[in-house]
Amino acid sequence: MVSVINTVDTSHEDMIHDAQMDYYGTRLATCSSDRSVKIFDVRNGGQILIADLRGHEGPVWQVAWAHPMYGNILASCSYDRKVIIWREENGTWEKSHEHAGHDSSVNSVCWAPHDYGLILACGSSDGAISLLTYTGEGQWEVKKINNAHTIGCNAVSWAPAVVPGSLIDQPSGQKPNYIKRFASGGCDNLIKLWKEEEDGQWKEEQKLEAHSDWVRDVAWAPSIGLPTSTIASCSQDGRVFIWTCDDASSNTWSPKLLHKFNDVVWHVSWSITANILAVSGGDNKVTLWKESVDGQWVCISDVNKGQGSVSASVTEGQQNEQ
Amino acid sequence: MKLKEVDRTAMQAWSPAQNHPIYLATGTSAQQLDATFSTNASLEIFELDLSDPSLDMKSCATFSSSHRYHKLIWGPYKMDSKGDVSGVLIAGGENGNIILYDPSKIIAGDKEVVIAQNDKHTGPVRALDVNIFQTNLVASGANESEIYIWDLNNFATPMTPGAKTQPPEDISCIAWNRQVQHILASASPSGRATVWDLRKNEPIIKVSDHSNRMHCSGLAWHPDVATQMVLASEDDRLPVIQMWDLRFASSPLRVLENHARGILAIAWSMADPELLLSCGKDAKILCSNPNTGEVLYELPTNTQWCFDIQWCPRNPAVLSAASFDGRISVYSIMGGSTDGLRQKQVDKLSSSFGNLDPFGTGQPLPPLQIPQQTAQHSIVLPLKKPPKWIRRPVGASFSFGGKLVTFENVRMPSHQGAEQQQQQQHHVFISQVVTEKEFLSRSDQLQQAVQSQGFISYCQKKIDASQTEFEKNVWSFLKVNFEDDSRGKYLELLGYRKEDLGKKHIKEEKEESEFLPSSGGTFNISVSGDIDGLITQALLTGNFESAVDLCLHDNRMADAIILAIAGGQELLARTQKKYFAKSQSKITRLITAVVMKNWKEIVESCDLKNWREALAAVLTYAKPDEFSALCDLLGTRLENEGDSLLQTQACLCYICAGNVEKLVACWTKAQDGSHPLSLQDLIEKVVILRKAVQLTQAMDTSTVGVLLAAKMSQYANLLAAQGSIAAALAFLPDNTNQPNIMQLRDRLCRAQGEPVAGHESPKIPYEKQQLPKGRPGPVAGHHQMPRVQTQQYYPHGENPPPPGFIMHGNVNPNAAGQLPTSPGHMHTQVPPYPQPQRPQNGWNDPPALNRVPKKKKMPENFMPPVPITSPIMNPLGDPQSQMLQQQPSAPVPLSSQSSFPQPHLPGGQPFHGVQQPLGQTGMPPSFSKPNIEGAPGAPIGNTFQHVQSLPTKKITKKPIPDEHLILKTTFEDLIQRCLSSATDPQTKRKLDDASKRLEFLYDKLREQTLSPTITSGLHNIARSIETRNYSEGLTMHTHIVSTSNFSETSAFMPVLKVVLTQANKLGV
């Protein structure tokens, strides 16, 4: 059951490319081909424009909210090859940092789990992925993975902060020994998993091959305390795969086809409890998927123009798979 | 940026869009010779592997051909996408021949790769195109105005689109319309283009600008707009691209004049109609927007002319260009750094330069005008305009609270103009996603039950709806908690009716009483030497011990026991032991346990099949302070047993014990807790049990165990994910400082959308990284704080609970026995974390005033049956305890000002010690005065030690006698009045202090240790207070102080004076 509770007229003058709520679900950030980033207060079904951020010189592809423990921070990336980190100070949003280290469109930004500090991963059409780490006093350290995806990285998504081999709390006072990982997807049709080595360098850990066209988006599912890791990926080829890895040490991932759509699939997003996947396709359709008891992914709802209804696409999907 | 290169002088064709992986076919060009002047020809297939960072392309197959080609295309005909390669390669040859190749056979290395061949054409076949709607249709053009339409299903006999155009001329280009399948266009070097309608079988329009300088080298239809096409001119005098719209075919719609010399080839992107590639004799490869004429991109090429250029149909950012220097290069138009690739390119250039003069003619190949620009920028900028394929039109992202944010941009065909684009509304929708309706409705019911206190009916409903016997049992057990005589009901549930036992009991008593009257007659006291005589002698001398020994020796057990009763507790105990040592019957162990009150023994050692019986025994006999522990013990044994059935029964024991934490642990072990409904199952029970414990045992339910906290937060997370933020908040444990729970609480509170005043830094339970002076948040590592310190009583102040509930943690004998109660340590610590607005009546909220305080049933007035120390029944209780039971449990005004933080007191200590007259209502009478006394005749003073040692001092406080209660209420009322009219903090402090100090007076009243003159004087003062005659009160005060013993009154009289003086001053 999907019901629209708020319709926000963004007054963007061109296509919207991303819309993200903050950690609390009270503020909405949008970005558009009109080169602007806007922030709205959407509490209680309202919409108050808080900020209209200008600074990009090209279409803005994605926005990402940092965890509120670091303050009110929003990152945006654009076709203008820049990443801008915006920050609210005394009620005013301002540009806090500009990262111009890419040679082509920056297509995706994603903040690392807050446990690691302020780290932003950026994927670009120049094929590189850069990692910006806040080192204090307005300084950002940049690490770059060149040639991560030939002719372009389209998406980056961090693995949740899970301490290996332990589901219970670490002994207090001791800094947990996190292993930082993220996934990226690109125009080489690959999903790649990256891991930070002990020397702080990023290394390609795994290549996941199943898509036959550009990987448009990857989404690492939030951790719900289970040892299984899950990644969703979607592609120009219309396919959505769910990748699972039951054993972190062996690091073997197996794909399961969620559905083959008739058009490009642009975006996948997990619910906070990691049990529902929202899939946005090129046919302007949004569908919600849930894993049934027997492990099959079932479309539970079509979200079209906000009109929620159970669709017949389950059967349609099965036919396509056959 | 250049991705790949192949050293071939060749025509090129990409594999169709459907094909994966991507292949590039090259066929030796008929029009050029390379430096070797070789006329060998070949057809090759390369794979585009972008995961390989090198510039080389992997050659998959080479087929030596007898033909050289003017045109090569790869059609998707009969593509079933099973194999890696499919479709059909169609080549236009030099001598009017068209050859069809099977690319899969080429790759397989087959000898027979030609599907069909036809040389119907005259002259070289320079133009070929596949109909995208009917992929079996191929159009071809050659000399003499020849155009044929080939049906690949019937390749032998081509059709014509109509009569040949006159005068006869070469056909240099041919193209099918991209929108209308029966429309075909052809163009010739003369500059004329003709549009054919295959249904009419005739040309329908001729396009020419009459300049006679157009020399058509390229023709392409608009990918989206059916009536538009472009023509490119090879003529250096008119190096233009003309954009035509057939609706105004008199002159070109737009002319693109971006090349300096003639254009050799064009390609219009199918993925983005705003991208048109063109390459010319000015050695440039340009990407322009044919709709505006703007140059979006200039490919960084070397100085060579390109004679063929193609978009990759599958990867829209990729294109290939064939240049006269014998090379096919694959580029990306997305820019990017060439740093990694450049070195290699330079190497290759220099090495190929070495071979430029293989014949030693001394004449290198012409440099083609423009000097080499080797010093290129290492950074290649992308297209000025983002290509359509990276503009994400739609998106849906989840956010906290089960919200889904969606946006979509209705796809606009670009020709419909920018003005329409702007009219488009750019909306973002926020939707609520609810997937667990049953879960929500059950959660709702649970909340309603908690709010309405309708626990019994809730449990009953659950019992009625139960699917399994076990479920039914659990709910029955839970329900009993809310009923009177819960232990009795538990027993009933276990199959033991108290009434039955009672009846039997009465019967026994009757039998006994029948015997008693017979003692009326006379009897002999024999002191003979037999055993009877010896016993008699021992009795007569009061030597019970010897008498008992004698009886035992003679195996006269009953006599021994009876005598031992008379001989006192110690003797009785010894005798019992001896008896049990001798006796061997089956139920002895039970009797032993009953008599010795050693329930632990039963619970620990009974056969687990008899768990019901063990539980029944515990229910019947165990004292309140050990009851829970025993139930726990039994539960633990059951749980540890491998039998899954018994494991589930352990839940029942934990319910009896009121042990929420263990219930959770046991339940979690037995059930799959990941499903929302199964979690709901658990939470229902837990919540109800906690309520029961709260109501019946006045236990400190605010402490939440780790496991329970984890489950509750999981539950709250689930509720939140379904959008029930308020419910999630209500269920979230609020007095734990586990970081994840506090973080969730913070998130929930703020998600509810209550405004944050001003721009205060958000109070979030994290260490603010960039605000070093922020108070230390409860980050990981803080949760080892002693849990008791985090208990909060009622930090909101406005809802003081009824007194009956206030004392949890202190009053309960169980708690008292387990926790050393040091005054004050239970008290509120400032919550480390703010608690903004909380929903009313959360399940773990303190009971609000509007709730009718339930009369407690457990364990205050539960009295375990008197241990069988005597066959003669003791009269129930003693007068003292009966009197206490009659005490109104009505709340004595319990000086709320001292129990609750009073934020409005500026500077005042926010919290006070807990040494309040707490005992009043919660004091269990059965403990204040044990009703178990020694048997009649036993040496005096033999009461049970354990009872006396159990409670702390506070608990043994007696209530103030009724007649003196008026003193307390009057004084406290006066202090209250003074407090409310006092303004300065100093006075308030004084009054608070006075209120505390008056406790000494109340204590003395309880003990009844004050002399009658003092108490009567105090009553006089109270009366004067009631008439507001404080000066009279003060006079009386002076009188008492002067006439009484100083040590008797010094603890409270000065304080009383302060109060009276203040009252006088304030005139309250």
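**View 1. The side chain of B:Lys2 makes a polar contact with the side chain of B:Glu5, at 2.7 Å.** A polar contact is a pair of N or O atoms within 3.5 Å; within protein, one must be able to donate a hydrogen and the other to accept it, and residues adjacent in sequence count only if both atoms are side-chain atoms. Another polar contact, of 3.5 Å, links the side chains of B:Lys2 and B:Ser329. Where does B:Lys2 sit? Its place is in strand E1 (residues 2-6) of chain B. Helices (H or I, at least four residues) and strands (E, at least two) are DSSP runs, numbered from the N terminus. Is B:Lys2 buried or exposed? B:Lys2 is buried, because its relative accessible area is 7%; buried means under 20% relative accessible area, exposed means over 50%, and partly exposed lies in between (1.4 Å probe, protein chains only).

A word on what you are looking at: this is a predicted model, in which local features need pLDDT of at least 70 and side-chain atom pairs count only at pLDDT 80 or more, while totals for chains, interfaces and linings use all residues. Residues are numbered from 1 along each chain as its sequence is written, chains are lettered from A and ligands numbered from 1 in the order in which they are written, and side-chain values use heavy atoms, with hydrogens and water left out.

**View 2. Strand E8 (residues 98-101) of chain B is covered on both faces.** On one side you can find B:Ile98 and B:Leu100, on the other B:Ile99 and B:Tyr101, and all of them are buried. Strand E7 (residues 88-93) of chain B pairs with E8(B) in the antiparallel sense, over four bridges. Two strands pair if DSSP finds at least two bridges between them. Look for B:Leu89, whose bridge partner in E8(B) is B:Tyr101. E7(B) and E8(B) form a hairpin with four residues between them, and in the turn B:Gly96 has a positive phi of about 75 degrees. E8(B) is also joined by four bridges to strand E9 (residues 114-118) of chain B, and these two run antiparallel. Which residue of E9(B) is the bridge partner of B:Tyr101? That partner is B:Val114.

**View 3. Strand E1 (residues 2-9) of chain A and E33(B) pair across the two chains.** The pairing is antiparallel and extends over seven bridges.

**View 4. Chain B and chain A meet through 80 residues from chain B and 89 residues from chain A.** Contact here means heavy atoms within 4.5 Å. About 7,300 Å² is buried between the two chains, and carbon and sulfur atoms give 59% of that area. Buried area is the accessible area (1.4 Å probe) that two parts lose on being put together, summed over both. How many salt bridges does the rule find across the interface? There are three, where a salt bridge is a side-chain nitrogen of Lys or Arg within 4 Å of a carboxyl oxygen of Asp or Glu. B:Arg314 forms a salt bridge with A:Asp213, with the closest N and O atoms 4.0 Å apart. Between chain B and chain A, 25 residue pairs are in polar contact (both at pLDDT 80 or more). Elements that give two or more residues to the chain B side include helix H3 (418-423), strand E33 (427-433) and helix H20 (706-721). E33(B) gives the most to this side, with seven residues.

**View 5. Phi of A:Ser11 is near 55 degrees, a positive value in a residue other than glycine.** You will find A:Ser11 in the loop between E1 and strand E2 (16-21) of chain A. A:Ser11 is partly exposed, with a relative accessible area of 46%.

**View 6. B:Arg1028, a residue other than glycine, has a positive phi near 60 degrees.** B:Arg1028 lies in the loop between helix H32 (1012-1026) and helix H33 (1030-1043) of chain B. Not counting residues up to four places away in sequence, B:Arg1028 touches B:Arg977 and B:Val1068. B:Arg1028 and B:Val1068 are 40 residues apart along the chain, and their C-alpha atoms are separated by 7.7 Å.

**View 7. The peptide bond from B:His20 to B:Pro21 is cis.** Its omega is near 5 degrees. B:Pro21 belongs to the loop between strand E2 (10-14) and strand E3 (22-28) of chain B.
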